[in-house]
Amino acid sequence: MENRITTLFGIRYPVIAGGMVWCSGWRLAAAVSEAGGLGLIGSGSMTPELLREHIRKCRAATSRPFGVNVPLAYRYTPQLMEVIAEERVPAVFTSAGSPATWTGRLHDAGCRVAHVVSSSKFALKSRDAGVDAVVAEGFEAGGHNGREETTTMALVPQVRQAVDLPLIAAGGIATGAGMLAAFALGAEGCQLGTRFALSQESSACEAFKRRCVEVQEGDTILTLKKAIPTRLVRNGFCRTVEEAESRGATAEELLALVGRGRPKRGIFEGDLDEGELEIGQIAALIDDLPSAGDILRRLVTEYETARGNLRPL
């Protein structure tokens with residue numbers, strides 16, 4: 001499965017585990033990298049000191065490349081970038097901000113840089129900023145999403161047409177057949193969040209994992225569109241948000257309703273009614289909690305089977 005993504009990041013398979021807040025600690029990142037993909041540490045909930053600890057533990061657990069995901073709007077971003085540069089992290093995936101701010105400095109530190117985009121317009125800006133790859137993420141994905149509400153199947157070919165950078169597809173992919181479909185549309189790699197969030201090594205609490213494995217079609221909703229569009233499992237908090245939105249609540253009122261601790265409350269602490277349960281639509285296809293290594297091996301097998309089952313017209 002060698003291509004521009006495997007060559008860029010020095011990995012065996014073009015599979016990236018999304019750097020998810022409260023899910024993607026060093027154990028998950030190391031397990032994915034050790035199995036031949038690229039594991040990402042999700043730094044969006046970490047202090048600089050905690051990120052350094054996760055980086056060092058990840059490096060001790062695997063000799064293979066790994067990376068860090070950094071939301072650029074996060075309050076600790078400058079300090080996190082200092083830690084990343086000092087620790088010589090091989091890869092950095094940025095999101096929720098301008099890639100022009102940090103890409104040059106990360107390159108100076110020897111990092112490969114990918115930026116997450118929700119439109120071809122942002123892909124062009126990422127190219128101009130000098131990133132090494134782009135992640136085209138459709139709004140099927142869990143957690144924070146772009147305002148365009150473009151699906152992965154529509155987004156990937158548009159981004160492919162706009163830029164010639166190595167392209168990673170994300171959003172709604174959890175199987176080898178899904179990977180094959182993304183590759184047919186022009187992707188060269190796939191970033192999987194929900195599938196790896198529901199793994200043994202994910203740092204999310206067991207109650208959250210079990211709830212997400214039970215998710216059926218239509219059980220997630222893209223909400224908080226006036227503030228930060230976010231895909232969540234429907235629960236008591238979602239109903240509160242929907243009621244506020246129906247009353248015409250402002251973005252500021254919605255942000256106050258969310259507060260800072262609600263994702264931690266739902267994903268890490270297991271408050272299934274009043275916490276934010278961030279997960280993608282593809283959770284409806286998932287019914288188990290295997291190891292990250294088993295997930296990656298299954299993806300490769302499914303990919304080869306799906307490719308072999310294709311018949312010429």
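Mentor: Happy to, and let us begin with handedness: a crossing is called right-handed if the near helix is turned clockwise from the far one by less than a right angle, and left-handed if the turn is anticlockwise. Please keep in mind as we go that this is a predicted model. Two packed helices are described by the angle between their axes and the distance between the axes.

With that in hand, look at helix 2, which passes helix 3 in a right-handed crossing. The axes of helix 2 (residues 26-34) and helix 3 cross at roughly 30° and come within 9 Å. On the helix 2 side, the contact is made by Trp26, Ala29, Ala30 and Glu34, and these meet His54, Lys57, Cys58 and Ala61 of helix 3. Sorted by class, this contact of helix 2 with helix 3 has five nonpolar residues, one polar and two charged.

Now stay on helix 3 (residues 48-61) and turn to helix 4 (residues 77-87): their axes come within 9 Å and cross at roughly 30°. Angles under 35 degrees count as roughly parallel, and helix 3 and helix 4 are therefore roughly parallel to each other. Their crossing is right-handed. Here helix 3 contributes Pro48, Leu51, Arg52, Ile55, Arg56 and Arg59, while helix 4 brings Gln79, Leu80, Val83, Ile84, Glu86 and Glu87. In the contact of helix 3 with helix 4, six residues are nonpolar, one is polar and five are charged.

Ser120, Ala123, Leu124 and Arg127 of helix 6 make the contact with Leu155, Gln158, Val159 and Ala162 of helix 7. By class, the residues where helix 6 meets helix 7 are five nonpolar, two polar and one charged.

Let us finish with burial in helix 10 (residues 206-213), where the buried residues are Phe208, Lys209, Cys212 and Val213. They cover an arc of only 130° around the axis, so they lie on the same side of helix 10. Among the elements that cover these buried residues of helix 10 are helix 9 (194-197), strand 11 (230-233) and helix 13 (262-268).

Key. Residues numbered from 1 in each chain as written. Predicted model: local features only at pLDDT ≥ 70, side-chain atom pairs only at ≥ 80, totals over all residues. Heavy atoms only, no water. Axes fitted to C-alpha atoms, helices over the stretch in contact; angles between N-to-C directions. Helix = DSSP H or I, 4+ residues; strand = E, 2+ residues; numbered from the N terminus. Parallel < 35°, antiparallel > 145°, perpendicular 65-115°, else oblique. Contact = heavy atoms within 4.5 Å. Nonpolar A, V, L, I, M, F, W, Y, C, P; charged D, E, K, R; others polar. Buried < 20%, exposed > 50% of the residue type's maximum accessible area, 1.4 Å probe, protein only. Arc of directions from axis to C-beta.
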